[in-house]
Amino acid sequence: MALVDTMTIRAAAGRGGDGVVRWLHLKGKEKGGPAGGDGGRGGDVIFKAVRDLGVLARYKGRGEFKAEPGESGGSQNMHGADGASITIEVPVGVSITRLGTGEVFELLEDGDELIALRGGSGGYGNTRFKSSTNQNPFESRAGEAGEEDAFRIELKMIADAGLVGLPNAGKSSLLNALTAARARVGDYPFTTLEPNLGVLYGFVVADIPGLIEGAAEGKGLGHEFLRHIERTKLIIHCVSFDIPDPLSAYRTVRRELAEHAEALAKKPEILFLTKSDTVSPEDRARILGMFKSEGLEPRTVSVIDDTELKAAGEALVQFLSKAV
């Protein structure tokens, strides 16, 4: 099932139950005093964070989410039952925007809950209106409407590190080689259509779809996934050796990160020059020299070179240990 990471839904809390007009029935009398019960409270709409990245896919195509209304009051001053709340499960790491008010909420820990919409209060039965001057009130009050609104749910994945780079930079292959992610791999733009996750010695690494120039302005797929690295503690920047201008590719991605959110450009970064097996020793030395002349210290890696792959994994764990 494909990852669903953004969704807009409508939700409505339950209406409060109505208060009622009822009377005590006393032996030998047509009626006694007032005995109408209050209505129950309407159910709330609650968001709950769970450790399931695929949970939003369950709601695809679903209409409005509605909590139950409260029950009306009864005779003998019986209070109507409260309506059941509805709980909408969302992945840990979501940002929830209430569109009617602009309020933004984040659920960052497993089990975090947010009461997003409050159910309406129950109405009053006629017992409530009894007074010294009105012994037999015929008055009651209807229950109040529950809150309603639309919500934008946006997953901002929580990972320790995010792999970034232009299409075909070798990110998916590197993630597969270092972890058990088994991301799809192919030699065409936007191979990765959704973020893939892997675990490296307890650290969660997310492979973010390839960026193109202009991603921060909405071009290509990269814009849709830049937000997934907003909370990462480390950026793993992959640049392929086998492209005409690796340094330019590096600058393009750095620019896109900064334009999307300045904080991204300030995150710790480890730079890998990938596919080192595809270039000659001379070209390899020349490209490394280009990066070093810019004050950068890239590491080289090939997924078919066990020595380089091991060194890359050790460097990554070392960086993560410092950054986390």
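A pocket here is an open set of grid points with protein on both sides within 12 Å along at least five of seven lines, and its volume is the space filled by probe spheres set on the points. The model is predicted. In this model, the largest pocket holds about 300 Å³ of space. Its lining is made up of 14 residues, and those nearest the pocket centre are R51, V92, I158, A159 and V204. Sorted by class, the lining of this pocket has nine nonpolar and five charged residues, with no polar ones.

A cavity, by contrast, is a set of points where the probe fits but cannot get out. The structure has one cavity of 30 Å³ or more. The space in the largest cavity comes to about 60 Å³. Around the largest cavity stand L163, L174, L175, L178, T179, L200, V205, I236, F272 and L316. Helix α1, residues 171–178, supplies three residues, the largest share of the cavity lining. Nine of the residues lining the largest cavity are nonpolar, one is polar and none is charged.

Phi of Q76 is near 55 degrees, a positive value in a residue other than glycine. N77 is found in the loop between β3 and β4 too, and phi of N77 is likewise positive, near 60 degrees, in a residue that is not glycine. Is N77 buried, exposed or partly exposed? N77 counts as partly exposed because its relative accessibility is 40%, and partly exposed covers what lies between under 20% for buried and over 50% for exposed.

Note on methods:
Residues numbered from 1 in each chain as written. Predicted model: local features only at pLDDT ≥ 70, side-chain atom pairs only at ≥ 80, totals over all residues. Heavy atoms only, no water. Helix = DSSP H or I, 4+ residues; strand = E, 2+ residues; numbered from the N terminus. Buried < 20%, exposed > 50% of the residue type's maximum accessible area, 1.4 Å probe, protein only. 1 Å grid on protein atoms, 1.4 Å probe; cavity = no way out; pocket = protein on both sides within 12 Å on 5 of 7 lines; lining within 4 Å. Nonpolar A, V, L, I, M, F, W, Y, C, P; charged D, E, K, R; others polar.
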